[in-house]
Structures are given as C-alpha cells and as structure tokens.
Amino acid sequence: MTETIENTRTRGHSEEPLLSVRDLTVTFTRQGEKPFVAVDGVSFDVRPGQTVGLVGESGCGKSVTSLAIMGLLPQRGVRVEGEVLYGGTNLLTQSKEQMRDRRGRDLGMIFQDPLSSLNPVVPIGVQVTEVLERHKGLSRKAATPLAREMLDKVGIPDPNRRLKDYPHQLSGGMRQRALIAMALACAPKVLIADEPTTALDVTIQAQILALLKELVEDSGTALVMITHDLGVVAGLVDRINVLYAGRIVERGDRHPLFAQPRHPYTHGLLSSIPRLDGERGTKLTPIPGSVSDNLPWANACAFAPRCSQPIDVCVEKTPEFVEDGPRALRCHNPVEVSR
Amino acid sequence: MLRFILRRLLQMVGVVVVLSLLVFLWLRSLPGGTVSAILGEKATPARRAALEKALGLDQPLYVQYWQFLKRAVQGQFGSSTGVQPGVDAMQVFVQRFPATLELSFFALLFAIAAGIPLGYMAARRRTSWFDNLSVVGSLIGVAVPVFFLAFLLKYWFAINLHWLPVSGRQDPSLDATRVTGFFVLDGLLTREYDAAWDALKHLILPSLALATIPFAVIFRITRASVLDVMDEDYVRTAESKGLTNKVIRGRHILRNALLPVVTTIGLQTGGLLVGAVLTERVFSWGGIGEAVAVAFTRRDYAVLQVCILMAAITFVVINLLVDIAYAVIDPRVRTR
Amino acid sequence: MSNPLNPDNLDPRNKKQRIDELAAGSGGTATLTVDDAGHIEESTGVSLIASAWRRLRRNPVFLLGAGITLLFVLLAIFAPLIAPHDPTKGLLLDKVRPQSNPVPGPEAGFPLGADTSGRDVLSRLIVGSRQTLIVGVFATLFGLAGGMSLGVLAGAFSGWVDSLVMRIVDVMLSIPSLLLAVSIAALASRPSQWTVIIAIATVQVPIFARLLRGSMLAQRSSDHVLAARALGVKRSAIVFRHMLPNSLGPVIVQATLVIAGAIIDAAALSFLGLGNPDDRQPEWGQMLGKAQNNIFDNPALAIWPALCIIVVALGFTLMGESLREALDPKSRR
C-alpha cells in the first residue's frame, strides 16, 4: 500500500522539527482601510532534510507566510501573531538585528523573478561574496574562491568569468542559479523558495527543480517550497500544505495526497493539471470563479462559493481542521475516497 | 564604449552647428540689424558703412553665415560695446568664465551635499514630519524667485548682521596673486590662505542663493528614486541575505537610486547658468552671468552672442560628460 | 500626520503586478480593498482619471494648491471691485519726499503704504493679480500650442521628421531657459507685456514638444493603437483620436507647473530690465523687478509682490505635483 511506502520514506525525518510554524496570523492594518487577515492561523513543521510545499492560488497567503518566517514584512501596518520556532527560539520575538544575523546564515530565501531579484549594477560575484563576507567574516578576497565554488556547484559554467558578469548578461536560468548560489552560500539549514520556477521556461524549470532537489538532499537543508503549481512540486516535496484564503485546508504526504485528494479545492487543483498519462479525451476541469468570490472564514467555508459539492453547512459553520496522523483536512463535505 | 562616445560627439557637433545658425539668425533679426548689433546703436554712419562692407552684408545669406562661422571658429565676435567697451568680446568671456565656474561649482557642491542625503533621509522616513517638511520646503525653494532670495540673503547676513561680505569675489585690498582665476584655488596654491578664506566667505551667500533650485531638484529626484528602489525585489533579496544596513544602503539602494540623480545633475548646469545671471547681478560677482545681465540692458550684442554660444556649448559638453559617467556606473548601458 | 503624497506602501504584492493591473485598465488598484471576507473589491472599469480624482479629492496637498489657485483666479477676475483705490493714481504723491521719505508708509486706508509714485501698494497688488494671471496663462498656452505642434509632428511621423524636429528641440533645450527668454525678448524693438509672454512661451516649446513626443511614442506601440492600425484606421484619426488624448496627462501636469514658472520668469525678465516698462497696468513680477532699485531702503516694496508670487507659484506647484503623482500609475506616493 502507498501509505506504508510513504511512511518509510518520511521516517528518516522523524526527528524534532527544525522549523515549526504555530498559529501564524498576519494582519495588514492599512490606514483608513479595514484590517485584512492575509494568513490566518497557519501551522506546519519542517524537519531537517525535509521538503515541504505550500501550495495555493495567488493571494492565498503563501508568500506572506514566507516573508513572515524570514522577518521581511514591513514593520508598520502589519501585525504578526503566533510563533515561528527555529531550533526552539521564536523568530517573531527576535530583535531586528538578531533576525539580520539569522537571514542568509540560518535561513535562506530565493524569489520568483530572478532578473528583478538581482541587483542590476553589482557583479554576480560580489552579490555572492557579500553574504560570505557578512556571515563568515571573510574578506572579499578570501570569499571569492568560495563564491566561485558555489557558482560551480549550482551548475553555472565558466564561473570565473561569471563572477565579473552583471545580471543582464546572464540567461534566465543562470540568474536563478546565481540566486540559489547566494541563498545557499552560507549553507542555511532552512531554504525558502518562493515560486522559484514561475518566471522560467518549462525546460529550465525542470533543471532548476532538479538542482534544488540535489542540493537539499546533499546538504540536508530543509526546503519550504512555495508554489501555485502542484505539478511543479510533485516530484520534489515530501509533504504538501494546501492553502486557501489564508488557512491550510488540506495537508498530507505527497503520494497519498496526490492519489486521494480529500478537499474539493485540492481535487480541483489536481484536475486542472494536464496529465500525459491521463486517458485520451478527458477534459481538464478548471475551478470556477476566483478568490474574489470568497466568503469570510468567520462562519462559513471560504471556498464554498467555488466548491463543486457544497452542502448547507458550508455557508453556516467554519469547518474545523481535523488532523489524522500526517493527513489533515478542513472540509465539511470531503471528496469520497475512490478505490 | 568608444563608439558610444564618438556618436555622442558627432551629435554634439550637430547641435553646435544648428545653434550657430540660430544665433546668426537671431543677430540678424535684432532691432537695428547686425551692424547695430556689433557697433551699438550710437555708431557714426561712416563706421556703419565701413562695417557693412567689411561684413559683406550685400552678399547672399548663406555666404554671410559662412563668414560668421569662420569668424566664430576663430573666436572673433567683435568688440564689447557695453560691458567692457572696446575689449574683445571673446576676451570678456574668457576673463569672466572662471568666476562663474567657481560660483557654480560651489553652488552645485552645496546642492549635492544637501540634496542627496536629505532626499535619502526623507525617503527612508516617508510620511514622517521630516519628510513632509522637506518636501514642502523644496517646493517653496522652487517657488521663490532666485534674485529675491539673493537680495534677502544679502540684506540679512551681509547688510544687517555684517557676517559676510556684501558683494564682489574678494577684498581688493588683499591684493591676492592670480594664477587660475579661481580665487579660492589661487589662495591655496600661493599659500595666501587669508585670500582663500576671504574668497570663500564671499562665495557663501551667492552660492547659497544659486544652490536653491538645483538643491530642490536633486532632493526631489533622490527622494523619488530611493522610494522606487526601496520597492525593488533586489533590495528584498539583499535583506533576505541578512546584509548589514550599511551594505544595503550603499551597495543596493544608493548605487541604483543615484543613476537618475546623475542625469539630473547634468541637466541642472543649464539652470545654474540662468541662476548665475540673476545672482551675480545682485552680488556684483563679475562673472558671465553679470556680463549677460549688463549686456542685455546695454544691448551689447557682441558679448551676448559669445555668452549664449558658449553657455550652450558648456551645457552640451557637460551633458556629454554626464552621459559617459552614466555609462561607466551603469553596466547595462556600458555593455550595450 | 499623514501625507497623501506618500501613502504607506504596504501592498504585499509586487510592483510589477500593480503596474500590470493598472495597465490592464483596472485603474482602481489604489483603492483596492479587501474586506474581512477576503473579498477583493476592485473598481474595475474605472478609468485612471476617475481614480486619480478620487485620490486627489482627499489629498490635502492638492486641496491647498487648488485652493490657492482658485483664490488667485477669483482675485484676478474681480480685482477692480476688490481694490480699495485706483492703482494708477498717485494718491499719496504729496507724502513722497525723495530725500527723507521716498516711500510713504502704511496709514489709514493704505494698510501697505504707497510706492515711490504715491500709489496704493495694496490696490496695485490686487489689480496686479490680473496681469500676473494673464502672463502665466498665455505664456503657457502659447508654449503649449507650439510644443504640441512640434511634438505631434515628431510623434506622429517617425523617421527624418522626428529626427529633425527633435534635433531642433535639443538645441533649444541646450540654451539655458532664461537666456533663451531674454534673447527672444531682446528681439522686440519695444518691450511690452506681450514680448514677455512670447519670450517665456518660447522657452516652454521644446519642453512640451519633448514631453508630448515621448508619451506619444509610448502610445504608438501600445495595443490599442496597434489594433486601430490593424483595423486600417487612417493615420490622422489614429493620431488625433487615439494617441493624442491618451498622451495629454503628463502635458496637463507640466502646464500647471509651467504657469508657476512663467510667473517667476516674468519677474526675472523685469529684474533684467526686459519686462514691460509700462507700469500703469501693474504686474507682480514687474513690481518686484522695479523694486530692486531701492530694495535695501524700502524692502517692503519688494517683499509684498515677492510674497504674492511665492504663494501663487507654490499653489500651482502643489497642484501640479499632486496631479502628477495621482496620474502616475507607477508611483502612488
């Protein structure tokens, strides 16, 4: 059975979680506007060497979650509640300077658009060495060979020349590799990848994903993978958290979740991915509507208006988050398990 | 890079040729015509006739323009009639140019030294009282007529408080040695430090008055540009790497934010020349600006054509230099 | 204190997304609100201008600028009714003593005193607003007309017409503005109000031309123009119906700022002795320019018109700057 196979796969990660997000709530309180809860009580764990996916449509709060973990949300107008435990310390109560020390050293992050995420007027080499200079106390000179090694490791050919190149001289895939080199230069224990392949060509996407997988498996880095595309994470993640309107609606290890999605939203996401091995003639079924149709979580299921199988209680009561081992679900009327 | 500079140089030559044509046409359209333009309106008929012949005014227009160009290239624009009567107009310009250059340099120094840090601080503290105050202050700075501000400064700090000298570039009783025509530099070179100090004191009020508009512009461009850059993804990347504030500020924010500021500084040189015309007049500075102001009131067209041509050429050259500087600091332009 | 010129930029979405949304026509991004339900209320279909206006209405900087401007225009229109005295009559002439008392000070009925010809300063300031407005508005209009013709010419035709026009514009821009203005003013054998206006307008021509060409160039490659071209719409129709109206935003902003500049420049021309010599019709720049002769003995004669110029110029500038920021889809600060 798939369950048992999956359990043996995850057993290797059964130590204490490295990063533990507890009831994370992020509220934007913009002047003169109603406060907006972008992330609403999100909890999940990441163990060393594990890859966890946060999946959802744009606006579901996945990027805000990652910025909150990194301490990169603006100070004013944002309220962050809950806990982000890293090795036992709550990152949310750390001072600005303490977080500055951790970013790049303990926590690394790579972003969606590699071109705009690289400083256009600073050579790639300097953008890699500056992390080493900052966290390892190395001089520029001492850091350069390490930077070269790093570029080589992420598969950038001719790293000696590339050190002096500027971002606009690199191709899209090379830029993303360079960003990964920067994020991993100090071998952080946690790497957050926010849609790392969205801006890239499909062929390059696969290369970058393979590279990420290889790097985290070699170094035992925990990877938090943020994406809107379940297809992207299918071959990479151990565990998936599906977010909808700021809350986790379904969680599970990769195989069982893909095989038997219980939440109609997850089900919908999976049905909207084209499959090569699917039967001929099966139509893709998109999820109707958009995030703007959402209901408030307060006394309903936010997804109800777009749901394929809503029942009366869906618009009357907030569905509870029911955990059952590695699986967890927030739904009044889950999809039947087909055998 | 070399091709880029060559192309710009060629463009510059084009601009100067068109400019000379405009100045030529302008001279011919002046009330009284070219002869009065050169000799002034009070010249005797005999001299007028002689000059008309000498200038070949009976010749077709394009021949006249060619003659004008030939003389212009040799720096012959006739004699001054109003500013320093009898002196060669080109000579008047050359004598006075260092004075204006020195004043403009200090004004620009003030404007940059105050504009960039204040603009950066305002952007970092946006919506604070400091930000609001400095934005409104910069707008007021643009709204105040330069010569009125010059009068105010002179009235308050020179005439009322006696803190600073009223006018001129240096106390003539010091009898300072002249080397370059830049009085502060001369004082330093000849080790006549009292002369340098005196020249510096003379510089403060006029360069402050002259600095207001470039300051306001540089401040506002810096502020807007820093605000734009702070929103960029690469600044967030820098933050995600845990870099120190110093590195983020210098390498990631300012190095990008200053690119448009550099262009702006180049464009301000034109404004400086305008401001110099007004400021130098108030402080009897003895530079190009004052010469232009006097030349207009006394209709000294010989001096005027030199000054207009040279002012425009200076502006074009400075902007060429700025473009080259831009190419040096922005790798995206350099490698194109 | 909150400055609407720079509202908190807490939008977690990245900038490109915001611009794309604006470009897509949902100009209401600024008012994009998300209620507790997570409902995003986006005012789709609202034009950029409408959403700009909504933002401006609540913007105290804009309101202050517009208030000053409105007051100034009203003053200019009703000046003769408001002025307590005839601004041309030397009512206090008998109190002018060139040696001891060249300028009569304030007294009953003359709160700001009189000038060297014994004329009431307050009345001259009030009536002067009218000429000041005329100089500012007409200089801007003429400059706009000239710049628009050149800009449309360059923007509508690419190729050599564009290059030629832009080369001339570049040359004009390379001459420092005031130097250009005084050169033009010097061409007139007898300076008057209109030589001042034309001189200042000439300086604005290249600026408007460049601005309009730039924004028309951006329009030329935009989707709706390409679509119109693909549909076989005539070139003139494309230029005047599609490109020009959409290029006007920055031009209007610039015009507002130019009015302020024109009023200040008029003062500078007067200061250099190239202003309107006829002072029977007072104008602030002219009053200030003429006051320089004895400014250290009678600073009041310069300070009053200067204050008026500063306040009015500031009014137009505040209005123009907040307009620019409201219309600029890129920065909502």
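This is a predicted model: local features need pLDDT of at least 70, side-chain atom pairs count only at pLDDT 80 or more; totals for chains, interfaces and linings use all residues.
Local features need pLDDT of at least 70 and side-chain atom pairs count only at pLDDT 80 or more, while totals for chains, interfaces and linings use all residues. Residues are numbered from 1 along each chain as its sequence is written, and chains are lettered from A and ligands numbered from 1 in the order in which they are written.

**View 1. Chain A holds 11 helices and 12 strands.** Helices (H or I, at least four residues) and strands (E, at least two) are DSSP runs, numbered from the N terminus. With a radius of gyration (over C-alpha atoms) of 21 Å, close to the 20 Å from the globule rule (2.2 Å times the number of residues to the power 0.38) for 339 residues, chain A is as compact as a globular protein of that length. Its C-alpha trace spans about 65 × 50 × 40 Å along the principal axes. Buried residues (20 or more other C-beta atoms, placed from the backbone, within 10 Å of their own) are 47% of the 339 residues in chain A.

**View 2. Chain B has 14 helices and 0 strands.** Along the principal axes, the C-alpha atoms of chain B fill a box of roughly 80 × 55 × 40 Å. Of the 336 residues of chain B, 45% are buried.

**View 3. Chain C meets chain B through 47 residues of chain C and 44 of chain B in contact (C-beta atoms, placed from the backbone, within 7 Å).** On the chain C side, α5 (160-174), α6 (177-187), α9 (235-271) and α11 (299-327) each supply at least two residues. The largest share, 10 residues, comes from α11(C).

Terms used. Two residues are in contact if their C-beta atoms, placed from the backbone, lie within 7 Å. A residue is buried if 20 or more other C-beta atoms lie within 10 Å of its own, exposed if 12 or fewer, and partly exposed in between; C-beta atoms are placed from the backbone.
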